[in-house]
Amino acid sequence: MSIREDVAAALTQEGRDHLRLRIGLVCASIAAAIVTSAASGAARPTGVGVLFTLALLAALVPDGHIPTILIGGHLVFWFMTVPRPTSAAAIAPAVVTAILLLAVHLFAAAATVWPPGGRIPRSAARRWLRQGGAVALATIAVGGLTALLVAAPLPAGTLVSLAAVAALGAGAIAAYRLIAR
Amino acid sequence: MTVAADSVEEDGRSGWLPTPNVVRAVSVALVTMSVGVLGRRADLVILVLPLAVVAAWSMATRPRHAPSVRTTLGPTALPEGNALTFTAFVSVPAGVPDVAIVLASDPFFDPVDGTWTLCADAGPDVGSVTLAAPIAARRWGRYRTGAAVPAVTGIFGGFRHSFRPIGETEVVVLPGKESFASRTGMPHPRGIVGANRSPRRGQGNDFAAIRPYGPGDRLARVNWAVSTRTATLQVSEMHADLDTAVTLVVDAFHDLGSTGGVGGAASSLDTAVRATTALAEHYLRAGERVGLLVLGASDVPPLTARSGQAQLRRIQDGLARIVPGTVRGGEDDATGALLARLQPGGVVLLLTPVISASALNRAYALARFGHTVLIIDTLPPAALTAGRLTAEDLAAIAPFTNPRAIPTTRLAWRIRLLEREGQLQRVRASGIPVVPWRGPGSLDEVLRQLQRRARAPRVARR
């Protein structure tokens, strides 16, 4: 068999629905990288290229650690290139990227839930879309609230920061206990 | 319907394990939020907020009870080309929306829906899900199939319950039959009642002669037209109708040629098995007694010649057991022991690719001992042209591992074909007819010739 036939056979075995999930993962990742690059105010071909490669790897092996590395890569790319938001409008790219990263995560998760070759039930696809949409709406709402806060900044307070750090610590412990149970 | 069940019932949450999805969402969200809070980067917190929500949602809806699964696979005996159904009944607790089952693929089974993976959406409130997959059996034989791995997953794929793999079930795929019909009777009827014209006269249907009425003649046999004309009572004399013991001998020492199941390429053994089924069905329907001997396969018991439709099922079951080349000991010993069971005076139809010298030698011996032997050549026609065989076809005839061996293998097969042609000529010269299997009417001409030869006077050994 030629390479083309091998690839065609592999794609056939994966199934059309699984292929869509993987293509969706790559597209969402590329879109997130482009939005980040745009938010940074300069073209970042190296970063986008690295993230594109990682996205391809994640699409090939969605059930390993590569999707985690991909999302981590996106976050590092954002942290390194995008300046701290100083206006309400600067929050919008963060919200869009957050939704795209959510899409990357959900596409990778769905690819591990539904085995290759199978047909994903339409009702299940609609449920995933509905639940993912709810999370995206919540993100938009929080993003809007954050934009308002950025536009009218509250005075910085040590107590608030400590409370936030304590809440995160408690959340981490609770999550660890829930997962390890 | 045979039930291959594997049920797992577990209390508590021990069976539910977090997937990499929830671990990713939790770890990325916590680390990034910490960095965002400490570095006063609200944008970072927003970036991972959806992952935090997904992680919290997954953990809040973590299933509390273990699911269970029960599967059935049936029917466990079916003709090739027909479909059996794998059915899984999955009971899921609330919060387990996604159910998937992956069946182990098998080269001679095809899922009718085109996939070995079954997926279902249990929804938020549904307590049980039934998944069914019709699977078509493509080739005769005995198989162990139906192994499957079920998995159920919580919301957003956060937690998964994996079951023990479901075991295999033995399935018997009975050989289908190639179409066969013959209008010719059998050459040596030796039974008591049947459909073939006997050499002697008796109470049959086939007209023999008109003779004067004698004591013991039935009045129904009086030929009134001739009696009126001759003024003496005349009766129509008939040939007796007798049956024949037909023994179908399948040469399973070798299986030559590639096999593609029903509708695909047929190997020599595929042709032999399907032709045997067709011949058995035809002759059993015609009232003959049919037996089966399989040479070269160890697990197929010989079937003595019997009549009736139950015998067809026995023959099909025996044929489905054939695994070629599994005979213990030497070919000659195994063949001799089996053929010694043949009832004298019967008709022996030997289905062979004419590759095993042992089978041919025994055909000579049987003919010498007075059996009517007919050799049916089952070698695939494509295999007869060594020069045109593709590498795959050649490998199906004479397996090789190194592609460099293709020319040598092709040459060897050509030489073997020449030897085979010589053997066939010697067989024909000794009075044993050889016909290639071509479906309906394959045997008519040669059986007619054998009938004529049987009626002719001949020298017998005393």
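**Two chains in a predicted model**

Q: How many helices and how many strands does chain B have?
A: The model is predicted. Counted along chain B, the secondary structure comes to 10 helices and 21 strands.

Q: What percentage of the residues of chain B count as buried?
A: A residue is buried if 20 or more other C-beta atoms lie within 10 Å of its own. Chain B has 462 residues, and the share that counts as buried is 45%.

Q: Among contacts in chain B between residues at least 6 apart in sequence, what percentage join residues at least 24 apart?
A: Two residues are in contact if their C-beta atoms lie within 7 Å. Of the chain B contacts between residues at least 6 apart in sequence, those joining residues at least 24 apart make up 75%.

Q: Which helix supplies the largest share of the side of chain A that touches chain B?
A: Between the chains, 55 residues of chain A are in contact with 44 residues of chain B. On the chain A side, α4 (66-81), α5 (91-113), α6 (122-151) and α7 (158-180) each supply at least two residues. The side of chain A that touches chain B includes 5 charged, 16 polar and 34 nonpolar residues. Its largest share, 13 residues, comes from α5(A).

Q: Which residue follows α2(A), and what is its phi?
A: Helix α2 of chain A covers residues 16-40, and its 25 residues reach 36 Å from first C-alpha to last, close to the 36 Å expected. Its buried residues include Leu21(A), Leu25(A), Ala28(A) and Ala32(A). After α2(A) comes Gly41(A), with a positive phi near 85°.

Note on methods
Residues numbered from 1 in each chain as written. Chains lettered and ligands numbered in written order. Predicted model: local features only at pLDDT ≥ 70, side-chain atom pairs only at ≥ 80, totals over all residues. Helix = DSSP H or I, 4+ residues; strand = E, 2+ residues; numbered from the N terminus. Nonpolar A, V, L, I, M, F, W, Y, C, P; charged D, E, K, R; others polar. Expected span 1.5 Å × (residues − 1). Buried ≥ 20, exposed ≤ 12 C-beta atoms within 10 Å, placed from the backbone.
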